[in-house]
Amino acid sequence: MKNIKITIYLIAITFLFSCSSNQSTSKDSEVNTKLNYQYRKSRTENFKTLTKNELVELRKKIEEGLHTKISASKTIFIDFNQKASNCIDAAFTLDENKDLIDRHLDKILRYSKENNVESYFVYTSDSHNRTIYKSSNYYILDSGIFYNEIFTKHENCVAFLILKPNGDFYEYYGEDYFSEVIKIINQ
């Protein structure tokens, strides 16, 4: 009889712990990880040509956020990662995301080198893949400048911008965007 009570007690404790761990992951389940209407609706793009003053101000903000000086003759590419309510990557395991991020970095860095583009990768401290970004030599932790002043829409976990020396500015919110990058840089 004593063994049955101990077994029931252990089952009850296991059940309680599994319920509490499910609750902690339920916050992540609030993230839309599907390529559905909600996700498609959240993707946005913005293309415009900045005035000379706007171009100077934006370049100044970017340099301040990156703590580096960038040649005015260079096209700038910024890959930005943040915690958001739409994030397909949040459905993958850490190992799967590491592989995806490594391939993504390889493609962008190779393409940037071939096209004389300065590429930077920025993430927020609460982004879904922060442990991967933190361990990478390529990713820079945002001080708040990119989140608060440059990438001001917070519906997608991934965004990018391209800023050309002539003031052409393109901003995109959404994942799997490599074809967009190629199209804009080659215009």
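Trainee: How do the lining residues of the largest pocket divide into nonpolar, polar and charged?
Mentor: In this predicted model, the lining of the largest pocket divides into 11 nonpolar residues, three polar ones and seven charged ones.

Trainee: And what volume does that pocket have?
Mentor: The volume of the largest pocket is about 490 Å³, and its lining is made up of 21 residues, with Asp89, His104, Glu175, Asp176 and Tyr177 lying nearest the centre.

Trainee: Which elements give two or more residues to that lining?
Mentor: Those elements are β2, covering 75-81, and α4, covering 94-114, and of the elements it is α4 that gives the most, with six residues.

Trainee: Which residues line the largest cavity?
Mentor: The lining consists of Asn81, Gln82, Cys87, Asp89, Ser127, His128, Asn129, Tyr133, Cys157 and Val158, and by class these are four nonpolar, five polar and one charged.

Trainee: Stepping back, what pattern does the chain follow?
Mentor: Along the sequence the pattern reads α-α-β-α-β-α-β-α-β-α-β-β-α, which comprises seven helices and six strands.

Trainee: What share of the chain is buried?
Mentor: Of the 187 residues in the chain, 42% are buried, while the accessible surface comes to about 11400 Å², with 53% of that surface belonging to carbon and sulfur atoms.

Note on methods
Residues are numbered from 1 along each chain as its sequence is written. This is a predicted model: local features need pLDDT of at least 70, side-chain atom pairs count only at pLDDT 80 or more; totals for chains, interfaces and linings use all residues. Side-chain values use heavy atoms; hydrogens and water are left out. Helices (H or I, at least four residues) and strands (E, at least two) are DSSP runs, numbered from the N terminus. Buried means under 20% relative accessible area, exposed over 50%, partly exposed in between (1.4 Å probe, protein chains only). Accessible areas come from the Shrake-Rupley method with a 1.4 Å probe; for residues, only the protein chains shown count as cover. On a 1 Å grid over the protein atoms alone, a cavity is a set of points where a 1.4 Å probe fits but cannot get out, and a pocket is an open set with protein on both sides within 12 Å along at least five of seven lines; lining residues have an atom within 4 Å of a point. Ala, Val, Leu, Ile, Met, Phe, Trp, Tyr, Cys and Pro count as nonpolar, Asp, Glu, Lys and Arg as charged, and the others, Gly among them, as polar. Grid points are joined across faces, edges and corners, and a volume is the space filled by probe spheres set on the points.
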